Structure formats: C-alpha cells, structure tokens
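Student: I would like a close look at one part of this model. Please set it in the context of the chains that carry it.

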Amino acid sequence: MKEPIQLKEHIVEIVSDAGEGAQKAGTTFAELCAKSGNGLWTVEIIPSEIQPPPHTVGSASGNRIRLSSRPVTNGGDLTNLVVAFNEMALLSRIQVGALAPDVIVIIDNMWATHADPQICKQYREVLDSLSTQGGQVWELPIDAACAKVTDDSAKGKNMFIVGMLSCLYNKDLEVAKSFVRGIFAKKPPAVIQKNMDLIEAGYVFGMNHFSQTFVVAPVKGLPEQVAMNGNTAIALGSIAAGYELCSMYPITPATSASHELAAFFEDFGGLVHQAEDEIAAVGVAIGSNWAGKPALTITSGPGMALKTEFLGLTVMTETPLVCVNVQRGGPSTGLPTKVEQGDLLNALFASPGDAPKVVMAPSSIEECYHIMPLARKISEEFRALVIVLSDANLATGRQLFARPKVVEDMLTTPLDLSPVEAGAKPFDWDLETGLSQRILPGRPNGMWVATGLNHNEAGKINYLAESNQKGMTMRSRKLAVLQSTLKAPEIFGEAEGDLLIVGWGSTRGAIWEAVERAQAEGLRVSAMNIQFISPLPPGIKAAFQKFKKVMTVELNYCDRMGDPYITEENRRYAQLAIILRANTLVDVDCWGMVPGRPLMPCEVHGVIRQEIQALKTKKGI
Amino acid sequence: MSLTIDDFVQKEESTCSYGMDDYTTEAARWCKGCGGHGALGALQRMLRDNQVHPEEVVCVSGIGCSSRFPHYLRAYGFHTLHGRALPVSVGVSLARPELKLLTVMGDGDCFSIGGNHWLHTLRYNINSMVMVLDNEIYALTKKQVSPTSRIGTVSNTSPRGSYLEPLNPLSVALGISNISFIAQTASWLPGHMQATLEKAWKHKGLAFVRILQRCPVFMPNAFQGGSVDFPGKFLESPEGIPVDKGILRDAPVVAHDPRNINAAQAVAANSHMEKEPLGLIYYNPEVPTYSDIRYSKVATVDRKAKAKLLDDYLTRYSVES
C-alpha cells in the first residue's frame, strides 16, 4: 500500500436504503473520529417515510461526516467520498448535487451481476455517468465479504463498514473495537463478538482492497470536548437552566429533544408531559410556570402556528415561558425533516394584536446548550415570552465543543410562599422599565386573577383607553430595557469594508467560513451573526454604515431581482432582511434559498465574489 | 421571608374563621337570573363551610360568560383562552399538587372548542374539581347553537332550528378510561348544588360536575326554565349526594350504585330522553391522579446532586479518549 495521503479535511458519506444501517455506521464512525481528535460536523440524511420503497432514490438514508484537522462549525462543501450500499442511494446524492466532481465512490459490486437486468443496467449507467464527470469508482464485493463473517450480511454491514472506513482513514483498529464494544456493552457476549468480527473483517477487507488511504490529523490542544447534536444540547441545556417540566407534542424535527429529556429527566426530578396536542402542550407549560414550576415547550413550525393564541396569553399575563422552535421547511407541512429558517417572522409577529416577546437564535450546537439558561433567566426577570429558534441543521447535526461547566445557580430554586403585603399588585409596573414582581399562587394576601383581557395594575379587567395604552406600553418597554443590556454583535473581520454579510442562527458556521476564504483572497468582506432578533442589539445601524453594501444570507425564501415580474417595489425580501431594513432604514439586500439542506460555504463564497465584483463594476460606471 | 412547606402545613392546620366576604371580590356582572350567580354562591358557601384558605384555591377558566367566574371569587385565578382552561389546570396540578384546583367552563368552551382537552384531561384524572356551567347556548357571543342545544334550537346560526341531536356529555365522560367522578346538579337547586360541590371538592382526582342552568337572555327555556316542573330524578346511594328536592314538584328518587360503571352508563344514556339524573352518577376514588402517578417515578434531588448528575451526563458525550 502507498503512503497515506495527508488531508486537512474530508467529507465522507455513508448511504443505504432506509433501515439498512448506514446511519448507525455513520454515527459510529463519526464518534470514532471525534474520539481520535478530529474536528467534526455530521449531518443526517433522512428520508421522510419510515420504510420507503427500497432501492429507490427516495429511500436514501445515511450520514454525512465532515472530518477535519481543525475545529468545524458547519457541514462544509461537497462530499469527497461516498460509501453507497446501492446505486440508487448514490444517485439520490448525485441528484441533490451533494458530491464533488472528483468524488470517490465505494460501492457494493453485487448489483453488477444482479438477477434483475434492470438493476444491472441502472447500476452501470449511474457509475458510468459519474466516472465520465470525473468521479472515481471503487467497486468492491462488500456484501460477499460481509457474508463470510455473518449469516445476515444485511444486518451486519454497518459494523463492517465502520471497520473498512477505519482502515481507509488509518484509525487504530483496537481503539475502534474497544469503542464499539462500549456501544454494545449491554448486549450478550455473542453479539459483541459478532460485531468485533465484523469490524475486524471490514478492516482487513480495506487492507486488501484499498490502494490508497487517508489521514486527517487530529486537532491539537483543545480543552475537553463533547460531541452531541443540537437537540441533545437543548435537552441538557434545559436541565442546566433548571427546568423541571417539558410539555410537548410529537413533531419533527423537534421531538428528539424531548426523547432525550424523557430518557433521563425523571432522575433529575423533572418530567416530560406528552400533551394531547400542541395547544395543550403550551397551555400546560404556561400553567406550570404561572404556578411556579419552571416549564418549557419544544416544537416545530406547524406546532408554533397552533400555539399562537397561547403565546399571546403568555405575553398578556406576563407569565414567563421559553418556547423552542426547531425550524423545518414550510409552509404547511413543507419539508418536515429538512432545514429552513422560515419561521422568523412568525416568531416575531404571529399573535392577535401586538405581543412583544424576545426572539433569540442559537448559531451553533454549543449555543443550543448555553442559550437555554439565558433564555429562562430573561423569561423570568422580564416576565416574558422567549422564543428560541433552532433548526433541523442544528437539531440533527453533531459538533464538538468545549465541555460545559455545570453551575448550580439555576437548579431547584425554592418557592417564595411568604405572605405578600396588603395591597400588593400583580402588575405593579415600574413606570420606567415595565418590570413587575410575580406573585405565585399560595401566598397569603396575594390573590389575583391572570387574564387575557386588558387589565390594570391590580390585574382587574379594564376597558378604558388609558389602561390599554399603559399595559401595551409597559409590555413593550421591557424589550427596550432588555435591549439596553445587550452588547453590539461581534463583527467577524474588519469593522469596515465593501460588503457585510449578516446572518442569524445556524448559518453562522458556513457564512463565516466563506467570509474567511474571501478575506484570504483579499476581498474586503466581513460578517455579523445576530443572536437576539427581538429586541435587536444596539449598534447595528452604526456597524452597517461602515460598509458599502450590507446583505443578509438566509435559508428562507426571497424573490430574486431579475426574475419575472420582480421589481424593487414588489420584491419580497428574506425575513431578517425585512426586519433590518425596517429597523435601520439601511438598504439591506438579501440572498436566500430553500434547498432543504444547510448552506455550503462554497455557495456563500460564490455570492460574496459576485457581490464584490458587482460593487466594483458599479464603481467603474 | 419565604414560607417553608412545614410552615405552610402548620398554617393549614391552624383555625381561621372565614366568612362569605373572604371568598368574594366584587358583585358578579352576570345577567339577572343567570345560573352563574347560584353556582358562585354555592361554591363560596361550600368553601366557607370548609374554611378553605382562599390563597390555596386556584380557579382556572376558559372564555365565555361562565369563565368570568374567577374574577368574582376571592382566590388565585387564571382566566385563560376559549376552550383551553384544562391544559392550564394540568400545568398547575403538575406544578403545585398541594393547591386546591377548580376549573370552570361553559358548554361551548368545554364540549366544543375544548373537546380534545376535555377528553384527555378526564383520562389524566388530574386533581381538580371541574365545573361545567351548561346552559345549552353560546351566550357571550349572543346566541349561537352549542353542542348541548336540543335539536330544533333556534339561534342566530340556526334560525330555522338546529339540525343535530345534542352531545351527551355524561355518556362521553363515562367512556373515558380513568374517569373517577361524575355528578350532575342544577343551578336552581342551591342545596343540592352545594352538596354536590362539597362531594366533588373532597374527591381526590378529577371531579366532573355538570351544572344545568338556564340563560335568562338567550335560552330562558332551557331545562323547562329551571321551574318546579323540571323533569329530574335524584340518584340515591349511601356514599352519594344527599337528596334535596328544593323547588321540584315531582322528582322521583331512585336507588343508584355510583360504583357500578354499567349502571352509571345506563343512567347517563337515558338522561336526555327521559329524566335528567341529579346526584352522583359515577364514583371511583381509587383511580390514581396524574400527578401522583408521575411523581411516584420522579426522583427527589437537591441542587448539588442535580449538578453532579448533569456533569455525569455530560461525560457520556465526552470524546476524551
């Protein structure tokens, strides 16, 4: 075998029919790479059905792993290497444009001689077309080799592939085996042995068949890292935030956060309540918070739509609540398993009347963890609704980050049930700040009624103009007060230049990586990620004015100039762009798309080059 | 100074003397002759008779005439959304099982827009008395047919008479697993109503009480206008609600075993067709409450232990080799 090729990074995909084990193989291999010190971001490839028809493009399922010799903030560009269980799974990846032109494909050659001539034909066509376009195809007898070790090669292929990839990327076989032994620790010894045999066989298979192998060096000198997906981070972050009740209804892609909590919340003294519907889920959380037990609700877009009326009640009664929306593609049922940032305006404005609330968006999996205690703190100090906008990219991607330090501050705080002073009011608004003290039920002398009707300081229903104006003012004022405590967002790159790219949420990694590349080319471009979208942080307008052009890059729909009928007058902008234009009066442009997958740095890089070129041309004119 | 749970219990056991005023905030703003007045009065008398600390009572309601209830009761209250009282009650019961929870809704509120929550909360068997003030009409929105309106009811959305047979809430409730308490009473029978509320108040679990009442403005003839001729029959049993015929001229008293679900279903099924049953229809105090079930599985952990546990969980995700 030749000397291994040293790579800075590589993007590897494992794809199979749904249920064939590519996801398990992918997560296991990713875990192994993380243990060996690689920077990492994984993306799940998930079909929308549980058991779609096999051997079709719609059945492709698996995992995409970006391995790196430096810390990774996003899923990266095009795929460098694919392990495909069949040609249709491979074809699905070609069709979505995920593969690099010079991609290496490792595919089971059993289809070449399959009994069905149609399959043989389409196998050959897919591979031939790929080779013509520059791809390298390694056709190998994977199933046959696997069948030598196990009676059920369909079931054992996942660990065989892990062994094969361990060889391909020069991972230590013994480390791989001991890691996998850990995964199967609770299984009978025979099962463990079988999996050890499969890994080893896969490794040996690789040694016999690969003429070339790779090394992606580990990242050096980082503090202890954890690897998890964004929904797990939200679940653990909720514990760190001191939540004791998660009230939810099943919805993709939010539910796995609740699965995570359901698995261990009771050990922490908490519980997951699966309500009868989305509306009840938020109602239960509101009732619990109002009564003094910290509760949150976690949902996705369609669930947000159903919760809307209750979210307005939260704002009106000033009951603290954190509502997490793990965004997916919309509108309506949209793309349930895929990423989109389409719910920003819904989060900000969906409500009968004016319901000021806090909207924040984590921009990494690490932030999914740390945002939860912050969100709860804000919700309680400001008696406010806080909507946390995560998305399917964060939810199902996995990233390494510094192990969070556990602090006790927010865990299990005893309730104050002391008598309140006679005449104490439940909305005793401080006229400057709009802030007021909560009076929990059970406190003598404090009896009051929370209502969605307009009410005065005492919580009494009031229909007078003055009272309504005051209530609205007080609820709105709180946002201004919160805004005054926020820091101006960091600018990635120079504070002035030609182009400022503004993003929010999970696209930060891809945008910043693209900006970094463009900066390395000498382009005068910087980036900003906005975590608080309501209230917007201070200093945005001033920062914008230092650039010739400001534009947002978002994973949501916007009209493109030049398309039929689209004019400056009727153009529908991307969602953050609408907000920034309204708030700053700066002519913020936007670039958005809705591919149902995370942005690739190369795409954003392309946009940056084009925009800067356009700026130069304009100047020339 | 925060009150510890021990202080709370001690206070609970001390003697107080509460009068009607201690359960009253302001004069109720319901129409003259509305059944709501009677229901509120019966509840306040029951609370007074039992010397319940007002601060321990939480009254959750939906939207509608009857859902103004908490505003007139001196207690903690949450006047929520149309149809959504029960989810908030579930939240309160999970958060603070020690509070004394009362949920008040109307017929449209509970049986129509809130139908899903009604079915499922019955199944949760949360610890709450649930009063449905049923006047067979939407009143706050000014006379629209409700799920319990009799067929042929003339309303603003059914000017030629309503088209469907009414929903029978008693039969529906009896079809739900974990049902533990169903009673029916009427707002023009103050004695019986108070006795019913008292029995429901003392029940641990979800005590579903349907209170028949008329709407003097939009449905004055509901239930024979609550007159002496109302066709009711009282259910009598040793652990049931004492028979109190009040003004009723001709109301038979029948023996009924509220522990027998089949007997209860027979009584409920006939309610619309012959005489409305009054009293305890079904009773099973053995059904565990949702919070008891859930908290029996939840660990008690202090701050330090919780922090340690979280740290241990993080270790599972550590990639330190």
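How many helices and how many strands does chain A have? And which residues lie nearest the centre of the largest pocket?

Tutor: A caution comes before the details. This is a predicted model. Chain A has 19 helices and 23 strands.

Now the pocket. Its volume is about 1,200 Å³. A total of 42 residues line the largest pocket. Nearest its centre lie A:Gly292, A:Pro294, A:Thr413, A:Pro414 and A:Leu415. Two elements give two or more residues to this lining: helix 13 (365–381) of chain A and helix 4 (85–95) of chain B. Helix 13 of chain A supplies the largest share, four residues.

Follow helix 13 of chain A onward. A:Arg383 sits in the loop between helix 13 and strand 15 (385–391) of chain A. Its phi is positive, about 45 degrees, although A:Arg383 is not a glycine. Is A:Arg383 buried or exposed? A:Arg383 has a relative accessible area of 3%, so it counts as buried.

B:Lys143 is not a glycine, and its phi is near 70 degrees. B:Lys143 lies in the loop between strand 5 (137–138) and strand 6 of chain B. Its relative accessibility is 24%, so B:Lys143 counts as partly exposed. The cut-off for buried is under 20% relative accessible area.

Strand 6 of chain B leads on to another loop. B:Pro166 is in the loop between strand 6 (144–145) and helix 7 (169–174) of chain B. B:Pro166 is buried, because its relative accessible area is 16%. What does B:Pro166 touch, leaving aside neighbours within four places in sequence? Its contacts are B:Pro147, B:Thr148, B:Ser149, B:Arg150, B:Ile151 and B:His272. B:Glu26 gives a distance for reference. B:Pro166 and B:Glu26 are 140 residues apart along the chain. Their C-alpha atoms are separated by 35 Å.

Back to chain A for its cis peptide bonds. One runs from A:Gly330 to A:Pro331, with omega near 0 degrees. A:Pro331 lies in the loop between strand 13 (321–327) and helix 12 (344–349) of chain A. Another cis bond joins A:Ser534 to A:Pro535, with omega near -10 degrees. A:Pro535 is placed in the loop between strand 21 (532–534) and helix 17 (540–544) of chain A.

A helical residue deserves a look as well. A:Ser92 belongs to helix 2 (residues 87–95) of chain A. A:Ser92 is buried, because its relative accessible area is 10%. Beyond its neighbours within four places in sequence, A:Ser92 is in contact with A:Val57 and A:Ala60.

Now step back to whole chains. Chain A has 621 residues and a radius of gyration of 27 Å. In chain A, 61% of the residues count as buried. Take its contacts between residues at least 6 apart in sequence: 77% of them join residues at least 24 apart. The accessible surface of chain A is about 24,000 Å². Carbon and sulfur atoms account for 54% of that surface.

Along the principal axes, the C-alpha atoms of chain B fill a box of roughly 80 × 50 × 40 Å. Buried residues make up 57% of chain B. Among contacts between residues at least 6 apart in sequence, 69% in chain B join residues at least 24 apart. Chain B exposes about 12,800 Å², with 53% from carbon and sulfur atoms.

To return to the part you asked about: the lining of the largest pocket draws on helix 13 of chain A and helix 4 of chain B.

Terms used: Residues numbered from 1 in each chain as written. Chains lettered and ligands numbered in written order. Predicted model: local features only at pLDDT ≥ 70, side-chain atom pairs only at ≥ 80, totals over all residues. Heavy atoms only, no water. 1 Å grid on protein atoms, 1.4 Å probe; cavity = no way out; pocket = protein on both sides within 12 Å on 5 of 7 lines; lining within 4 Å. Points joined across faces, edges and corners; volume = space filled by probe spheres on them. Rg over C-alpha atoms; globule rule 2.2 N^0.38 Å. Buried < 20%, exposed > 50% of the residue type's maximum accessible area, 1.4 Å probe, protein only. Contact = heavy atoms within 4.5 Å. Areas by Shrake-Rupley, 256 points an atom, 1.4 Å probe, with all protein chains shown as cover.
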